[in-house]
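User: Could you walk me through a protein model, step by step? I am new to this and would like to see how each answer is reached.

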Amino acid sequence: EGCKPLAALLSGIAQAVYHGNADITEELLRGQLYPEATPEEFRALRAKMGGLLQSIASADMDLNQLEAFLTAQTKKQGGITSDQAAVIAKFWKNHRIKIHESLINQSRWDNVLKNMNWRVDLKSQSRHIDQINTPVAIVEMELGKNGQESEFLCLEFDEAKVSQMLKKLSEIEESMTSL
Amino acid sequence: AADKINLIPQDFFAELCEQIIQHLNHKISGVNTAELCQRIQTSGIEINVGDLAKIVNVVSFLFSTAARNNLSTEELVTTLGNAVSTLPKHAVQVIRHVWNEQGKSISVSEDARNTATVGQFVDIKWKLGVAMSSDTCRSLKYPYVTVTLKVADPSGQITDKTFEMTIPQFKNFFRQFKEMAAVLETV
């Protein structure tokens, strides 16, 4: 039970569970990483490692929590070796942010702002004479739920409306300082 | 949609076309589809807002295309006849009349096309939240901003559009509007 296959196994589990890669099957992992293990042995190993990773990811453990957790695991009956603990620790340090981001995305079910573009036009006609030759910003926002088709919202803002928007956005920024 | 046009009495259809042309001429902010539908229904005609809206879109598209291609009244009627053979005679008469009177004044610029698809920003509501926990992660702790934009679509209808932004996304959103303000000032 060397270190390299375990690191790769954790990678494979993360790919399948957190990054939605459906091609990473149990058979694939066993064949590539633990070809000498029987399917039952491998299943048990995968379940154990997957369970540990899930606990760590669910709690979004920092280094202190991680150390305490892994140490406890090495002392348990049927737990892990200190070599395995080291591999798991290294893996989490390297992948924590990406896995956490993926978990965040999994819980964003409402419309998100996917993209935004804008340009400034010179209005050459209008129903109000006083708007002739005034600049307006045309903003295109791509909205949609994760993994679903986008809706494109196209809005016009004159200088006053942009000011109105900026005022509200400042309020939001201010409220963020309490975070 | 063409067969539904059959249902609309001539005077209502004339009013519809008038509103469409006035909207294309930027004299009114939009076609009051819902209100018009109500009155048509009150007069005993069975038509729903969805169908009427489709008819408005079709006629609007017809007029704006004709404007872009500088069609004369006869050309418009011919094109119409080729495209829609089932149009009732009174509808063709209305279209001919409305186009004769006001068709030439529809502007053909890029702006006219944009105005047809661009909405107006009216207002914004917001809230700042922190997602604490979820079924897949007990310690999410991620802050996000939820924003609801009040928007007037080209037909004048006001709707709400709601979406979420992460903090980095919000900062980018804010920055873009600051850039917009800077550009608007210098143009």
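**Charges and rings, one step at a time**

Analyst: Gladly! In this predicted model, B:Glu35 and B:Arg39 are four residues apart in helix H3 of chain B, so about one helical turn separates them.

User: How far apart are the closest N and O atoms of B:Glu35 and B:Arg39?

Analyst: A salt bridge needs a side-chain nitrogen of Lys or Arg within 4 Å of a carboxyl oxygen of Asp or Glu. B:Glu35 forms one with B:Arg39. Their closest N and O atoms are apart by 3.1 Å.

User: Which residue in helix H2 of chain B is linked to B:Arg39?

Analyst: B:Arg39 also takes part in a salt bridge in which the closest N and O atoms are 2.4 Å apart. This pair links distant parts of the chain, 24 residues apart. The partner in helix H2 (residues 10-24) of chain B is B:Glu15.

User: Is A:Arg46 buried or exposed?

Analyst: A:Arg46 meets A:Glu26 in a salt bridge (3.7 Å, N to O). Buried means under 20% relative accessible area. A:Arg46 has 18% relative accessibility, so A:Arg46 counts as buried.

User: How many aromatic pairs does the structure hold, and why is the pair of A:Phe157 and B:Phe121 stacked?

Analyst: Over all chains, the structure holds eight aromatic pairs. For A:Phe157 and B:Phe121, the ring centres are 4.8 Å apart. Planes under 30 degrees apart count as stacked. This pair is therefore stacked, with its planes at 20 degrees.

User: Why does the pair of A:Phe157 and B:Phe121 join two chains?

Analyst: A:Phe157 counts as buried because its relative accessibility is 0%, and B:Phe121 is likewise buried at 0%. A:Phe157 lies in strand S3 (residues 151-157) of chain A. The pair joins two chains because B:Phe121 lies in strand S1 (residues 119-131) of chain B.

User: Which residues in H6(B) are buried, and where do they lie around the axis?

Analyst: Helix H6 (residues 89-102) of chain B has 14 residues. Its buried residues are B:Ala91, B:Val94, B:Ile95, B:Val98, B:Trp99 and B:Gln102. They cover an arc of only 120 degrees around the axis, which puts them on the same side of H6(B).

How values were computed:
Residues are numbered from 1 along each chain as its sequence is written. Chains are lettered from A and ligands numbered from 1 in the order in which they are written. This is a predicted model: local features need pLDDT of at least 70, side-chain atom pairs count only at pLDDT 80 or more; totals for chains, interfaces and linings use all residues. Side-chain values use heavy atoms; hydrogens and water are left out. Rings of Phe, Tyr and Trp (its six-membered ring) pair if their centres lie within 6.5 Å; planes under 30 degrees apart count as stacked, over 60 as edge-to-face and the rest as tilted. Buried means under 20% relative accessible area, exposed over 50%, partly exposed in between (1.4 Å probe, protein chains only). The expected span of a helix is 1.5 Å times one less than its number of residues. The arc is that of the directions from the helix axis to the C-beta atoms.
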